[in-house]
Amino acid sequence: MNNQPRLDEIQRILSHEKRVRVSELADKFVVAEETIRRDLRYLEERGVLRRVHGGAILPVASEEQPLQIRSRIKPRAKIRIGELASGLIEEGMALFLDTGTSTLALAQQLKRFSGLKIITNSMDIAVLLTQQSENAVTLTPGRVRRIDNALIGPHTLEFARQFHYDIAFMGIGAVDRENGFMDYEEPEALLRRVLSTHCRQSVILADEGKFGLRTYVKTLPFSAVNTLVTNALPSADFVASLENEHVNILYPGNAADDITRLSVF
């Protein structure tokens with residue numbers, strides 16, 4: 001049975017009511033509550049809604065969702081981004097990985113290396129790579145942010161400035177043609193600005209859902225980033241804007257699954 005009409009109607013109700021309940025939707029569509037839960041799970045993975053106890057709500061554009069929620073959105077895209085980004089790395093490099101679901105996906109790929117020097121402000125990444133790799137891992141100081149186990153604040157910035165990295169891998173909240181790379185809050189934006197000036201190569205990891213979003217903080221202009229890694233080539237307008245600022249784009253290639261490099265230098 002095709003469930004697309006039901007999914008479309010759930011989205012229509014949610015856009016009007018701002019919240020939906022599993023029990024009410026099950027009664028409306030005369031299906032089991034587990035069927036509705038599967039529908040909501042499917043829609044959450046596509047960033048349409050945020051599941052809560054008993055139902056779902058619309059995501060708030062001005063607030064970043066907790067890491068546990070974000071990790072369920074486009075998981076395959078983030079895995080692919082992690083795979084692509086890991087192709088930039090060679091043994092012996094010094095790296096910074098900031099907090100985010102895409103950088104966490106990249107960290108999973110780093111378990112096959114053994115000679116990297118990795119600094120991170122993500123407690124999750126530090127634990128993962130300390131327990132499952134032979135790389136040298138350093139965790140920054142800072143205040144713990146509960147929604148994503150990130151270390152943030154002036155001590156984090158001061159520590160990050162002490163090093164020069166071969167590559168700084170950074171997540172991002174949004175990619176806007178007019179405002180460049182954007183974030184939901186100032187602490188991560190401040191850290192990313194520091195990292196972009198303390199590395200040989202600055203790399204942004206962003207899935208296709210980040211393009212066209214506009215959030216609260218203007219973090220970096222396109223010109224401050226060397227490479228953008230994504231799971232799908234953005235629109236021609238975005239490509240042109242990035243090309244004008246000499247940004248290299250990495251995205252999945254042809255059916256043979258080669259890495260395609262769109263060089264714009």
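Visitor: What pLDDT does the protein chain average?
Guide: The protein chain averages a pLDDT of 88, and 88% of the residues score at least 70; pLDDT is the predictor's confidence in each residue, from 0 to 100. This is a predicted model, in which local features need pLDDT of at least 70 and side-chain atom pairs count only at pLDDT 80 or more, while totals for chains, interfaces and linings use all residues. Residues are numbered from 1 along each chain as its sequence is written, and side-chain values use heavy atoms, with hydrogens and water left out.

Visitor: Where does pLDDT stay under 50?
Guide: Over residues 254-265, for which the model has 29 contacts beyond four places in sequence; contact means heavy atoms within 4.5 Å. Where pLDDT is low, the predicted coordinates should not be read in detail.

Visitor: Why is phenylalanine 96 called buried?
Guide: Buried means under 20% relative accessible area, exposed over 50%, and partly exposed in between (1.4 Å probe, protein chains only). Phenylalanine 96 has a relative accessible area of 0%, so it is buried. Tyrosine 165, at 1%, counts as buried by that cut-off. Of the 265 residues of the protein chain, 49% count as buried.

Visitor: What makes phenylalanine 96 and tyrosine 165 an edge-to-face pair?
Guide: Rings of Phe, Tyr and Trp (its six-membered ring) pair if their centres lie within 6.5 Å; planes under 30 degrees apart count as stacked, over 60 as edge-to-face and the rest as tilted. For phenylalanine 96 and tyrosine 165 the values are 5.5 Å centre to centre and 75° between the planes, so the pair is edge-to-face. Phenylalanine 96 is in strand β4 (residues 94-97) and tyrosine 165 in strand β9, 69 residues apart; strands (E, at least two residues) and helices (H or I, at least four) are DSSP runs, numbered from the N terminus.

Visitor: Why is the pair of phenylalanine 163 and tyrosine 165 called tilted?
Guide: The ring centres of phenylalanine 163 and tyrosine 165 are 6.3 Å apart and the planes stand at 40°, so the pair is tilted. Phenylalanine 163 has 32% relative accessibility, so it counts as partly exposed. Phe96, Phe159, Phe163 and Tyr165 form one aromatic cluster.

Visitor: Which residues have the most contacts inside the largest nonpolar core?
Guide: They are Phe96, Val175, Phe181, Leu195, Ile204 and Leu228, in a core of 28 residues. A nonpolar core is a set of buried Ala, Val, Leu, Ile, Met, Phe, Trp, Tyr and Cys residues joined through side-chain atoms within 4.5 Å. Elements that each supply at least two residues of this core include α8 (154-160), β9 (165-170) and α9 (186-196). A second, separate core of 23 residues includes Leu84, Met93, Phe113 and Leu116.

Visitor: How do you know that the charged end of lysine 28 sits over the ring of phenylalanine 29?
Guide: A charge sits over a ring if NZ of Lys or CZ of Arg is within 6 Å of the ring centre and within 35 degrees of the ring normal. The charged end of lysine 28 is 5.9 Å from the centre of the phenylalanine 29 ring and is listed as sitting over that ring.

Visitor: Why is valine 30 called exposed?
Guide: Valine 30 has a relative accessible area of 71%, so it is exposed. Valine 30 lies in the loop between α2 (22-29) and α3 (33-45), and has a positive phi of about 55° although it is not a glycine. Most residues other than glycine have a negative phi.
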